[in-house]
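The following note sets out points for a colleague who wishes to examine this model before further computational work. The points run from the overall fold to individual residues.

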Amino acid sequence: MNTFYFSPGSCALASHIALAESGLPYQVKKLNFAEGEQRSEAYLAINPKGRVPALVTDKGVVTETVAILGYIAQAAPEARLAPLADPFLFAKMQAFNAYMASTVHVAHAHGRRGYRWADQETSFEDMKNKLPQVMSECFRIIEDGMLEGPYVLGEHYSTADPYLFLMSGWLKSDRVEIADFPRVHAHYRMMLERPAVQKALAEEKAA
């Protein structure tokens, strides 16, 4: 049994959806960030970074979304969540996921966690004000050059798709209109219809 640690509304949703797609056995455990559970001694023993997601497997703990998505795809090859037999396509998928993690998520975080990069309140406001522009620029790159559609890799679903779905869902709170990116918007609507997406959302709500 795999144990998946998450916090509602966090980036963990991408991995949660992949787990729901995979057919792997898992249970979910919610961390209440408002109460600081991510900094508890018990959780820091699992993930010393004090962040989510974290996946406890029978071989040990996997952290970081890109790594967890890759692990799930390889642990459940029959689910066909990645082009495992094609090194180039697999690299394209990982490049997309890395962009989500290292660029898009970081841009999003600047609007909420400016204290990670600065100390002055004026700096926080600058980051918040810049957020819509930066997120729009990121999604313009995705819309025009990375989303091969209908899925990220074209006709084949992969772990890149729940990651894009997650980030697309954050656009409204970042003051970006998703309708400005028609292909991304269509992808988001399509993902909402997938049973695994509905399952993960329901599990996060019930946890």
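1. A cut-off is required at the outset: a residue is called exposed when its relative accessible area is over 50%, buried when that value is under 20%, and partly exposed in between. R80, with a relative accessible area of 64%, is therefore exposed. The model under review is a predicted one.

2. The secondary structure consists of 8 helices and 4 strands. Their order along the sequence is β-α-β-α-β-β-α-α-α-α-α-α.

3. The overall dimensions may be considered next. A compact globule of 207 residues would have a radius of gyration near 17 Å, and the protein agrees with this because its own value is 17 Å. Along the principal axes, the C-alpha atoms occupy a box of roughly 50 × 45 × 30 Å. Among contacts with a separation of 6 or more, 64% are made by residues 24 or more positions apart.

4. The surface and the charges also deserve a remark. The accessible surface amounts to about 10400 Å², and carbon and sulfur atoms contribute 54% of that area. There are 21 positive and 24 negative side chains, with 2 Å between the centres of the two sets.

5. Turning to the interior, 47% of the 207 residues are buried. In soluble globular proteins, nonpolar side chains tend to be buried together. Here, the largest nonpolar core comprises 59 residues, and V104, F139 and I142 have the most contacts inside it. Which residues does I142 contact, leaving aside its neighbours within four places in sequence? They are F96, Y99, M100, V104, L147, L164 and V184.

6. Is H108 buried or exposed? Its relative accessibility is 5%, so H108 counts as buried, the cut-off being under 20%. Beyond its neighbours within four places in sequence, H108 contacts L131, M135, W170, S173 and D174. A179 is 71 residues from H108 along the chain, and the C-alpha atoms of these two residues are 18 Å apart.

7. The bond from V52 to P53 is cis, with omega near 5°, and P53 belongs to the loop between α2 (41–46) and β3 (54–57). The bond joining G149 and P150 is likewise cis, at an omega of about 10°. P150 is situated in the loop between α5 (121–146) and α6 (160–169).

8. Positive phi values form the last point. Most residues other than glycine have a negative phi, and most peptide bonds are trans. E64, a residue other than glycine, has a positive phi near 80°; its place is the loop between β4 (60–63) and α3 (65–75). With a relative accessible area of 46%, E64 is partly exposed. R80 also has a positive phi, near 55°, and is a residue other than glycine. R80 is located in the loop between α3 and α4, and its relative accessible area of 64% makes it exposed.

Methods: Residues are numbered from 1 along each chain as its sequence is written. This is a predicted model: local features need pLDDT of at least 70, side-chain atom pairs count only at pLDDT 80 or more; totals for chains, interfaces and linings use all residues. Side-chain values use heavy atoms; hydrogens and water are left out. Helices (H or I, at least four residues) and strands (E, at least two) are DSSP runs, numbered from the N terminus. The radius of gyration is taken over C-alpha atoms; the globule rule is 2.2 Å times the number of residues to the power 0.38. Buried means under 20% relative accessible area, exposed over 50%, partly exposed in between (1.4 Å probe, protein chains only). Contact means heavy atoms within 4.5 Å. Accessible areas come from the Shrake-Rupley method with a 1.4 Å probe; for residues, only the protein chains shown count as cover. Lys and Arg count as positive and Asp and Glu as negative; His and the chain ends are not counted. The place of a charge is taken as NZ of Lys, CZ of Arg, CG of Asp or CD of Glu. A nonpolar core is a set of buried Ala, Val, Leu, Ile, Met, Phe, Trp, Tyr and Cys residues joined through side-chain atoms within 4.5 Å.
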